[in-house]
There are 2 protein chains.
Amino acid sequence: MAIRYPKGSLQYVNSSSKRKTKRPIEYGHRGMKFEEMINQSNDYYLNRHIAVIHKKPTPIQIVNVDYPKRSAAKITEAYFTQASTTDYNGVVHHCYIDFEAKETKNKTSFPLSNFHQHQIDHMAACTEQGGICFVLLWFSSLNRCFYLDFAILNDYWQHQETRRKSIPLNVIEQEGVECPIGIAPVIDYIQPVLKQIEKQNNR
Amino acid sequence: MAIRYPKGSLQYVNSSSKRKTKRPIEYGHRGMKFEEMINQSNDYYLNRHIAVIHKKPTPIQIVNVDYPKRSAAKITEAYFTQASTTDYNGVVHHCYIDFEAKETKNKTSFPLSNFHQHQIDHMAACTEQGGICFVLLWFSSLNRCFYLDFAILNDYWQHQETRRKSIPLNVIEQEGVECPIGIAPVIDYIQPVLKQIEKQNNR
């Protein structure tokens, strides 16, 4: 049973006794997945000539393909393979941008286990070439999204054995930039990107 | 039967009467596919910290996945889908670069039918954002590879209905830059890219 509250928020009330876990309150994005929210934002930026950013397809190793007559080729055996890069890249205002988007159900910190060494390596290589690298962190239980520079993530990543294995929310609040959640774009993450570009250009 | 000629070139002589079509002479790359040649070149650029350029995975729509116990998830039904971008992008010297690689068996011109509207649209959008866009054209019968600015391709593309449906080799020779074919990198296409970046920075 769904009750509509003022401000357009939608809260689910459990009608079945089986479903005891609370479902998160859904705001503007109405239960959209994080990836979908970013893709829609990218479409918005593309259509408004603000930025050209795309999600890369999932890398797959194809083993078998059927070619039936008069219909499309059908892949009958394939496996997911490890990506060597991040999920998103593109160009904004003469700058290469590259980022990874991750989510957590945690409410007080973002676990580093969400990231992989190859993503860190790729962002380090892109940074070295002058690209703008960052992560979008989605706290699904809090409905909050943050832009965080790769430099901050990398600092925590490099010291995870001796320090802690997650980035505290208050650090993210301080060092990152919270992205407004809305309708168009769903997640407005381009402002901190443009600020970072400006900063880099002034160096 | 393979005969090794001086200069390391390898020419196949048909020993079977069935195989009547001539196989192209293989030089340094020894029968490597064009895509493979570019990927190896990208690896070279990455390892030498010259550029970070990757081929995007083939986009696929996954319909069915099996999750067998104790082994990797197996995709049992999937279809190839249309890409919305080009095959390659990356970052070089603070610049976003984006390109498509195509090959032809033709010896005198490069057919525009090798390209698709979405690739043209994507490169136009990236160019508008200040990215460096181009194509790598491989004449497989001639063993020659050219860098050609998107602006030239786009000019031919926009006028293909009233002018011609291919770009003559002599135009490509004049307006493009021939990329040396070697061992490391297999196709050295980064020089014309760097020149284009310099040109853009001086504007």
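This is a predicted model: local features need pLDDT of at least 70, side-chain atom pairs count only at pLDDT 80 or more; totals for chains, interfaces and linings use all residues.
Let's start inside chain A, with a pair of helices. Two packed helices are described by the angle between their axes and the distance between the axes. For helix 2 (residues 117–128) and helix 3 (residues 150–158) of chain A, the axes come within 11 Å and cross at roughly 135°. Angles over 145 degrees would count as roughly antiparallel, and those from 65 to 115 as roughly perpendicular; helix 2 and helix 3 of chain A are therefore oblique to each other. Their crossing is left-handed.

Which residues of helix 2 and helix 3 of chain A meet? From helix 2 of chain A come Gln117(A), Ile120(A), Met123(A), Ala124(A) and Thr127(A), and they face Phe150(A), Leu153(A), Asn154(A), Trp157(A) and Gln158(A) of helix 3 of chain A. By class, this contact holds six nonpolar and four polar residues, with no charged ones.

Now move over to chain B and find the corresponding helices. Here helix 2 (residues 117–128) and helix 3 (residues 150–158) pack at an angle of about 135°, their axes 11 Å apart, which makes this pair oblique. Helix 2 of chain B passes helix 3 of chain B in a left-handed crossing. Helix 2 of chain B contributes Gln117(B), Ile120(B), Met123(B), Ala124(B) and Thr127(B) to the contact, while helix 3 of chain B brings Phe150(B), Leu153(B), Asn154(B), Trp157(B) and Gln158(B). The residues in this contact are six nonpolar, four polar and no charged.

Stay in chain B for its sheet. Six strands form an open sheet in the order 3-6-7-9-10-12, with mixed pairing. Strand 3 (52–55) and strand 12 (177–179) of chain B are the edge strands; each has a single partner strand, so one side of each is left without a neighbour in the sheet. From one strand to the next, the twist averages 25°.

Note on methods. Residues are numbered from 1 along each chain as its sequence is written. Chains are lettered from A and ligands numbered from 1 in the order in which they are written. Side-chain values use heavy atoms; hydrogens and water are left out. Axes are lines fitted to C-alpha atoms, for helices over the stretch in contact, and angles run from 0 to 180 degrees between N-to-C directions. Helices (H or I, at least four residues) and strands (E, at least two) are DSSP runs, numbered from the N terminus. Angles under 35 degrees count as roughly parallel, over 145 as roughly antiparallel, 65 to 115 as roughly perpendicular and the rest as oblique. A crossing is left-handed if the near helix is turned anticlockwise from the far one by less than a right angle, and right-handed if clockwise. Contact means heavy atoms within 4.5 Å. Ala, Val, Leu, Ile, Met, Phe, Trp, Tyr, Cys and Pro count as nonpolar, Asp, Glu, Lys and Arg as charged, and the others, Gly among them, as polar. Two strands pair if DSSP finds at least two bridges between them.
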